[in-house]
Amino acid sequence: MESLSSLLHLTPEPFWMIVKVCIVFLGPLTLAALLTWAERRGSAMIQDRIGPNRALLFGRWRLLGLPQLAADGIKFFLKEDLVPADASRALFWLAPVMAFVPAVMGFAVIPFGRSFAQGGHLYHLSLLDPGNGMGMLYPMAIGAVAVYGILTASWSSNNKWAILGGMRSASQMVSYEIAMGLAVAAIFMRTGGYDPQQIIAAQGVWNVLPQFPGFLVFSTCMFAETNRLPFDFAEGESEIVAGFHTEYGSMKFALLQLSEYLHLVTAAALIVTLYFGGWRIPGLAEPPVLLSVAAFAVKLVFFCWVFIWVRWTIPRFRFDQLMFLGWKVMLPLGLANLLLQAGLMHGGA
Amino acid sequence: MAVLVKKVELNWLDRTYVWPVLMGMVITMRHFIRQITTRSSRRFTIPYPDRKRATAPGYRGLHELKRFQDGSIKCVACFMCAEACPARCITIEAEEYGDINKTQGFEEKRPSVFKIDMLRCIYCAMCEEACPKDAIWLRTDYEQASYDRLAMKFGKWDLMNTYADQDGKPRITVDPTPAVPRPPVEG
């Protein structure tokens with residue numbers, strides 16, 4: 001590490017920071033791009049179809065349809081950039097950025113591997129070092145900001161479908177955030193802190209076992225927060241055309257879509273960190289650093305796949321069902337979980 | 001008539017919603033694994049331009065005008081097909097021809113023009129049914145497309161050669177016997 005950083009005439013700290021920024025920025029971005037492929041091919045397999053396989057790399061290699069990603073990217077870049085005449089131009093341009101920036105920020109606090117010491121330095125594998133004072137509150141807050149991107153997009157488009165989608169998305173996020181907060185609060189309580197490193201360190205037994213109701217609540221809320229099926233009301237195709245991105249095309253649409261997948265990656269990372277022990281491997285107290293990163297990556301990819309898997313299993317809810325589930329099921333369940341954990345702690349368990 | 005809607009009573013396990021979702025996920029995963037482990041040639045979807053589906057026996061595809069071994073057309077220009085055609089897409093002009101050749105024996109007529117407008121044809125195979133000489137067949141080819149309407153009017157030689165390559169027959173563009181009226185029999 002030190003020889004590498006001295007090669008670049010840097011002290012280890014900034015060098016390590018740059019490396020981490022690259023990993024944290026490009027890693028989820030790449031994963032999100034791959035997820036669009038996994039979603040299309042995976043859904044095809046689930047529905048006994050074949051999926052996109054016509055795009056060829058250099059006209060020769062099919063590569064299981066992966067060149068479709070490049071083809072889509074090129075297409076998005078080259079398409080005409082259309083802004084509706086009655087749209088609010090500035091906001092219309094700003095909205096994809098407002099959706100994208102929080103989406104890439106969310107991953108910053110999540111540890112993707114075990115911290116290790118080398119040459120007198122302690123290296124942490126998360127962009128924000130532990131003890132930064134924000135801890136797991138940070139991704140929650142950033143996740144809450146994400147709704148503004150969707151709201152701005154829908155409002156500035158000046159389109160009734162978009163407005164409906166944005167409104168649905170906003171009310172859905174607000175109502176599910178409460179239950180999500182309760183589920184996370186139970187974890188904070190059991191851990192005695194809200195730093196992700198602390199939370200992971202405290203998971204000798206993965207949180208999913210002692211806090212199963214909390215896990216149910218949290219993962220359900222993650223589906224709602226990321227606007228994924230069965231809760232994708234922001235863009236219910238059969239009801240409101242394409243919801244908040246009805247008027248979006250070309251690269252702006254791609255940004256909105258990409259930020260949705262980034263949210264998905266962040267949500268999966270949150271589930272892994274909070275309930276599945278982050279980088280921990282059962283039976284291995286101190287796994288080698290690379291192995292811990294691999295463990296985290298495997299869990300992350302698995303939960304990303306679960307998001308896709310569930311999407312192609314369950315049909316969409318009705319909006320009143322969504323609200324019913326959010327306020328009358330998830331909220332009491334989250335409260336009950338909180339009380340249960342509090343009772344267990346009081347009882348000394 | 002009123003339709004009786006049967007109310008389904010869900011048991012407590014189903015009412016949790018979690019269990020049915022998990023069961024559903026098992027089903028989708030089963031499909032996923034089955035599809036991903038099936039070879040491409042055995043999947044339901046046929047990747048069409050790469051692989052073509054074999055047509056069923058009795059399939060009514062592109063027409064062929066049959067010929068004898070020496071290349072003379074089997075059609076005797078009797079107009080039965082043109083009469084039978086519900087789409088009225090067959091145009092025939094008959095001609096007499098000169099020598100009596102070995103395959104057609106004493107036949108004296110054949111089409112000089114045999115046109116089928118493929119844009120009008122409905123592939124009903126009525127012509128095939130009507131033909132007394134078994135001279136027109138509807139066979140397996142189903143890929144007819146062209147850049148202009150005129151190319152969809154198939155003439156006699158187009159129709160005689162539609163399956164020539166497929167059957168390994170030579171493509172022919174002339175009748176083996178010339179179309180010369182027989183000289184009147186003297187005395």
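## Two chains, one predicted model

In chain B, 73% of the contacts between residues at least 6 apart in sequence join residues at least 24 apart, where a contact means that two C-beta atoms, placed from the backbone, lie within 7 Å. This is a predicted model, so local features need pLDDT of at least 70 and side-chain atom pairs count only at pLDDT 80 or more, while totals for chains, interfaces and linings use all residues. Residues are numbered from 1 along each chain as its sequence is written, and chains are lettered from A, with ligands numbered from 1, in the order in which they are written.

**Chain A overall**

- Chain A has twelve helices and two strands; helices (H or I, at least four residues) and strands (E, at least two) are DSSP runs, numbered from the N terminus.
- Reading from the N terminus, the elements go α-α-α-α-β-β-α-α-α-α-α-α-α-α.
- With a radius of gyration of 21 Å, close to the 20 Å that the globule rule gives for 349 residues, chain A is as compact as a globular protein of that length. The radius is taken over C-alpha atoms, and the rule is 2.2 Å times the number of residues to the power 0.38.
- Along the principal axes, the C-alpha atoms of chain A fill a box of roughly 60 × 55 × 45 Å.
- Of its 349 residues, 43% count as buried, meaning that 20 or more other C-beta atoms lie within 10 Å of a residue's own; 12 or fewer makes it exposed, anything in between partly exposed, and the C-beta atoms are placed from the backbone.
- Among contacts in chain A with a separation of 6 or more, 77% are between residues 24 or more positions apart.

**Nonpolar cores**

- A nonpolar core here is a set of buried Ala, Val, Leu, Ile, Met, Phe, Trp, Tyr and Cys residues joined through C-beta atoms within 7 Å.
- The largest one has 83 residues, and A99(A), F218(A), C221(A), V265(A), A268(A), I271(A) and C304(A) touch the most other members.
- Helix α10 (residues 250-275) of chain A puts in the largest share of this core, with 16 residues.
- Setting aside residues up to four places away in sequence, A268(A) touches L300(A), F303(A), C304(A) and F307(A).

**Where A meets B**

- Chain A brings twelve residues to the contact and chain B brings 14 residues.
- On the chain A side, the elements giving two or more residues are α2 (12-46) and α11 (289-311).
- α2(A) gives the most to that side, with three residues.
- By class, the chain A side has eight nonpolar, two polar and two charged residues. Ala, Val, Leu, Ile, Met, Phe, Trp, Tyr, Cys and Pro count as nonpolar, Asp, Glu, Lys and Arg as charged, and the others, Gly among them, as polar.

**Chain B overall**

- Chain B has six helices and five strands, in the order α-α-β-α-β-β-α-β-β-α-α from the N terminus on.
- Of its 187 residues, 18% count as buried.
- The domain assignment (automatic or from a database) gives chain B domain 1 (11-40) and domain 2 (63-167).
- The C-alpha centres of these two domains lie 55 Å apart.

**The chain B sheet**

- Three strands make an open antiparallel sheet in the order β2-β3-β5 (chain B); strands pair if DSSP finds at least two bridges between them.
- β2 (90-96) and β5 (153-154) of chain B stand at the edges with a single partner strand each, so one side of each has no neighbour in the sheet.
- Seven bridges join β2(B) to strand β3 (residues 109-117) of chain B, in the antiparallel sense.
- Along that pairing, I90(B) has I116(B) as its bridge partner, and I92(B) stands opposite F114(B).
- β3(B) and β5(B) also run antiparallel, joined by two bridges, and there I116(B) has F154(B) as its bridge partner.

- A82(B) is found in helix α3 (residues 80-84) of chain B.
- A82(B) has 17 C-beta neighbours inside 10 Å, so it counts as partly exposed.
- Neighbours within four places in sequence aside, A82(B) is in contact with I90(B) and I92(B).
- A82(B) and Y163(B) are 81 residues apart in sequence and 22 Å apart in space, C-alpha to C-alpha.
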